[in-house]
Every structure is written in structure tokens, then in C-alpha cells.
Amino acid sequence: MKKYALLIVYVLLTLLIVGYIFSNSFQTVAASSERSGRVMKIVEPIINPKGTLSTEEVHKIVRKLAHGTEFAVLGIFLSLTAYEIFKLRKRILISFPLLMALCTAVTDEFLQSFNDRSPQISDVLIDFGGAVLGMVFVTLVLFLYCAKVKNFYAS
């Protein structure tokens, strides 16, 4: 059971982030806009220091960054889960985390339609792109870590 402990943790964290993503999808337009507005007040001075962008443009950037960020976190946990499966089974399909990220992105947009929010293909692409960036980040970190460990034991 100990050898599965980390895998179980990663699976649970992955499910938690999916739950968080889906809970955001069930928010009404008003609740979602209010939440984005609070974040926008904090980030606007960073994104728009000279005031050249309209409030609507900043709001759109904040919303798209939020989509990408939460899916980057999902990509990180999907990759860590896949890595743990690989360590235990010595095989993993790279397509599995990609497929899970894409399915989550599509489902996320579909769920928004139940609250009079408009599902958008561009959001699916942003979500999936964020997940891929998270996966690439984990892959690079694991590659560098494994290379360092290999060099440590070789010397």
C-alpha cells in the first residue's frame, strides 16, 4: 500500500482541481463576474500599468489567465499521476493525461451552458493549452531531476 500512497495523493489532488474547475463552471454570470472583478482590482495595476487597456480588455485577460492557470495546475497533477503510474507499471500512455485534460476542458465549457454562460471553443483551447504547459513544466522538472540524480550516482 505504501508504494501507492503518492499515486493516491496525486489522484485525489487531480480530482480536487477538477472539482474546483467544475464548481467555477456552475457559477452564474453575475457571481463569476463579481469574482473576476475582485481579482481584476488586484491584477490590473500589473497587467495595465499605463492604463492603455479598457476595463473590458483587462477583464477578458484576467478571465483567460484564470482559465489557463487552473488548467495548468490540472496538467501538473495529471502529469504527476501519470509519472507515478509509470514508476509502478513501467508503462504509461502520454495520450492519457492529454485526453483527460481535453475532456475536462470540453466538459467545463459544456457545464457553463447550464448557467446562461456561453461555452466557447477559444476557452477550450486556452484550457487545453494551459494543461499542456503544466504537463511540459512537470516533464522538464522530472527530466532535470532524473538527470541530476543519474549524474550524482555516476560520480
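User: Leaving aside its neighbours within four places in sequence, which residues is Leu98 in contact with?

Analyst: First, a note on the source: this is a predicted model, in which local features need pLDDT of at least 70, side-chain atom pairs count only at pLDDT 80 or more, and totals for chains, interfaces and linings use all residues. Residues are numbered from 1 along each chain as its sequence is written, and side-chain values use heavy atoms, with hydrogens and water left out. Contact means heavy atoms within 4.5 Å. Leu98 lies in helix α4, and outside its sequence neighbours it is in contact with Phe128, Val132 and Met135.

User: Is Leu98 buried, exposed or partly exposed?

Analyst: Let's set the terms: buried means under 20% relative accessible area, exposed over 50%, and partly exposed in between (1.4 Å probe, protein chains only). Leu98 has a relative accessible area of 30%, so it counts as partly exposed.

User: Which residues does Met135 touch, leaving aside neighbours within four places in sequence?

Analyst: Met135 sits in helix α5, which covers residues 121-154. Its relative accessibility is 7%, so Met135 is buried. Beyond its sequence neighbours, Met135 is in contact with Gly75, Ile76, Leu78, Ser79, Pro97, Leu98 and Ala101.

User: How far apart in space are Met135 and Leu74, C-alpha to C-alpha?

Analyst: In sequence, 61 residues separate these two. In space, the C-alpha distance between Met135 and Leu74 is 8.6 Å.

User: How far apart are the end C-alpha atoms of helix α4?

Analyst: The expected span of a helix is 1.5 Å times one less than its number of residues. For the 18 residues of α4 (residues 95-112), that expectation is 26 Å. The model agrees, as the end C-alpha atoms are separated by 26 Å.

User: At roughly what angle do the axes of α1 and α4 cross?

Analyst: Two packed helices are described by the angle between their axes and the distance between the axes. Here axes are lines fitted to C-alpha atoms, for helices over the stretch in contact, and angles run from 0 to 180 degrees between N-to-C directions. The axes of α1 (residues 5-25) and α4 come within 8 Å, and they cross at roughly 25 degrees.

User: What does that angle make α1 relative to α4?

Analyst: Angles under 35 degrees count as roughly parallel, over 145 as roughly antiparallel, 65 to 115 as roughly perpendicular and the rest as oblique. Val18, Ile21, Phe22 and Ser25 in α1 meet Thr104, Thr107, Asp108, Leu111 and Gln112 in α4. The axes of the two helices cross at roughly 25 degrees. That makes α1, relative to α4, roughly parallel.

User: Which exposed residues are on the face of α1 turned away from its buried side?

Analyst: The buried residues of α1 are Leu7, Tyr10, Thr14, Ile17, Val18, Ile21, Asn24 and Ser25. They line one face of the helix, because they fall within an arc of 120 degrees seen down the axis. The cover over these buried residues includes α2, α3 and α4. The face turned away from them carries the exposed residues Leu15 and Leu16.

User: At roughly what angle do the axes of α2 and α3 cross?

Analyst: Residues of α2 that meet α3 include Val39, Val43 and Ile47, while α3 brings residues including Val58, Ile61 and Leu65. The two axes come within 9 Å and cross at roughly 105 degrees. That makes α2 roughly perpendicular to α3. The angle, then, is roughly 105 degrees.

User: What is the relative accessible area of Asn48?

Analyst: Asn48 is in the loop between α2 (29-47) and α3 (55-89). Not counting residues up to four places away in sequence, Asn48 touches Leu53 and Val58. Asn48 is buried, with a relative accessible area of 8%.

User: How many helices and strands does the chain have?

Analyst: Helices (H or I, at least four residues) and strands (E, at least two) are DSSP runs, numbered from the N terminus. Along the sequence, the pattern is α-α-α-α-α. The count is 5 helices and 0 strands.

Definitions and conventions:
The arc is that of the directions from the helix axis to the C-beta atoms.
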